[in-house]
Amino acid sequence: MTDTTPESRLAVVVLAAGQGTRMKSSLPKVLHRIGGRPLVGHVLDTASALGPERVVVVVRHERDRVAEAVAKVAPAAVVVDQDEVPGTGRAVEVALDALADFAGDVLVLSADVPLLEPDSLSALIRTHRDTAAAATVLSAVVDDASGYGRVIRDADGTVSRIVEQKDATPDEASVTEINAGVYVFRATELRAQLSLVGTANAQGEKYLTDVVALLRAAHLSVAASPAPDAAAALGVNDRVQLAEAGRVLNARTVRRWQLEGVTVVDPATTWIDVDATLAPDVTVLPNTQILGATTIATGAVVGPDTSLVDCEVGEGAVLRRIEANLAVIGAGVTVGPYTHLRPGTILADGVKMGSFVETKNAKVGAGTKVPHFIYLGDAEVGSHTNLGAGTITANYDDVAKHRTVIGDEVHTGSHTVLVAPIRLGDGAKTGAGAVVRKDVPAGALALSVAPQRNVEGWVEKNRPGTGAADAAAKARSAQKADDGAQEEDR
């Protein structure tokens with residue numbers, strides 16, 4: 001039977017109301033992304049892993065944008081609005097209104113602290129319950145505590161209060177144990193003490209941290225549990241910290257896949273989003289980005305200098321120096337270098353696609369070769385077809401896009417232009433330089449080349465005085481001399 005006693009119940013409150021002025025951004029701070037997710041998304045995923053009864057997210061700045069992001073990640077979360085009263089204490093107070101009938105532990109998380117992992121928070125909750133504390137603070141010991149609230153302890157090591165940077169005395173400011181902005185409270189005691197918190201401080205805010213001193217004054221115990229990884233407990237307040245958080249998260253992600261059997265040749269230049277999936281025996285070469293919900297099957301080799309966004313890569317595919325977005329790449333496919341696969345590209349098994357090829361909304365059949373200098377837009381190509389260098393589909397007529405259908409075993413000559421809408425039947429061929437405007441029946445050869453005509457003396461007549469005219473005149477004189485010599489020999 002599920003344990004529903006107050007001592008075992010958990011609710012999570014995520015604070016996402018702040019503007020984040022130090023980011024200097026039109027985008028709310030909590031929506032800035034690392035690892036392919038917004039900061040608040042990482043925090044909500046971590047909260048979900050703890051199995052809470054309820055999750056409440058407090059919003060204010062750009063509330064609709066933040067609420068929309070929350071709904072995508074945690075549709076069951078309750079979004080509540082902070083009113084005009086500033087401060088984290090007020091934010092938690094309005095969250096408690098949404099938890100009016102909840103009796104248990106309340107875990108308070110900050111939406112700008114994205115690197116905490118479920119194991120660390122589970123340990124914090126265990127410490128809180130094992131010590132029967134009214135509140136437990138997650139702290140971190142750092143070399144530079146600038147900008148953070150300090151955890152002030154009594155001589156016996158017990159927590160007496162938390163002091164914000166702007167309100168700290170010089171002695172308090174010298175403390176290197178900081179408040180990470182993560183707490184576990186017993187809901188009953190939290191409600192009682194929050195009602196006593198005022199705004200008489202340097203920032204005129206209702207601080208959640210003031211609850212700690214009030215709990216001690218009420219002779220209730222407060223614990224502080226230092227995070228095992230101090231870097232993971234630090235918040236993101238500016239773009240420098242955002243980049244550092246992204247680097248730390250990426251290093252974790254890369255290491256996880258290495259331990260799952262993926263070869264990452266250069267972790268320092270490899271970026272893998274948290275929603276990507278890689279199979280064992282995938283090889284990732286330097287300067288590669290595997291982004292979004294990309295999946296890569298076993299034996300594939302990706303990179304170097306490759307970017308994949310929301311792509312599906314089959315077994316044994318080899319992708320070198322390419323950019324791909326929303327593309328499906330079959331087993332045994334080779335692509336690159338310098339190839340661009342745009343959304344809607346589907347490459348069947350065994351396709352070979354060479355350099356300087358661009359595709360968009362194009363389906364290419366098994367075993368087909370698309371060697372180089374080719375554009376396929378709004379096209380369907382059959383199996384075992386060979387497209388000559390420079391072949392393009394002319395799919396846009398300034399008003400609408402049109403589709404090109406190319407059958408099986410088709411061979412186009414170099415520099416063929418296929419003017420859509422058009423269909424080439426199975427086994428059809430085109431001559432070099434053909435501009436094909438009509439359907440080509442199966443097995444037919446399409447030509448659009450006029451007979452060649454040479455206009456003698458055109459350069460000397462029309463470009464007198466140029467280097468080309470001088471060269472032509474010399475060649476003509478030499479040819480006449482040679483012709484005269486041959487006539488004498490005869």
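How do the residues of the lining of the largest pocket divide into nonpolar, polar and charged? I found 15 nonpolar, 17 polar and nine charged (Ala, Val, Leu, Ile, Met, Phe, Trp, Tyr, Cys and Pro count as nonpolar, Asp, Glu, Lys and Arg as charged, and the others, Gly among them, as polar).

Ground rules first: this is a predicted model, where local features need pLDDT of at least 70 and side-chain atom pairs pLDDT 80 or more, while totals for chains, interfaces and linings use all residues. Residues are numbered from 1 along each chain as its sequence is written, and side-chain values use heavy atoms, without hydrogens and water.

**Largest pocket.** I read off about 1,300 Å³ of space here. A pocket is an open set of points on a 1 Å grid over the protein atoms alone, where a 1.4 Å probe fits, with protein on both sides within 12 Å along at least five of seven lines; lining residues have an atom within 4 Å of a point. Volume is the space filled by probe spheres set on the points, which are joined across faces, edges and corners. I noted 41 lining residues, with K29, T88, D112, E205 and N237 nearest the centre. β1 (10-16), α3 (88-97) and β10 (177-186) each give two or more residues to this lining; β10 has the largest share, four. Helices (H or I, at least four residues) and strands (E, at least two) are DSSP runs, numbered from the N terminus.

**Second largest pocket.** I got about 450 Å³. T46, E117, P118, L249 and R252 are the closest to its centre among 18 lining residues.
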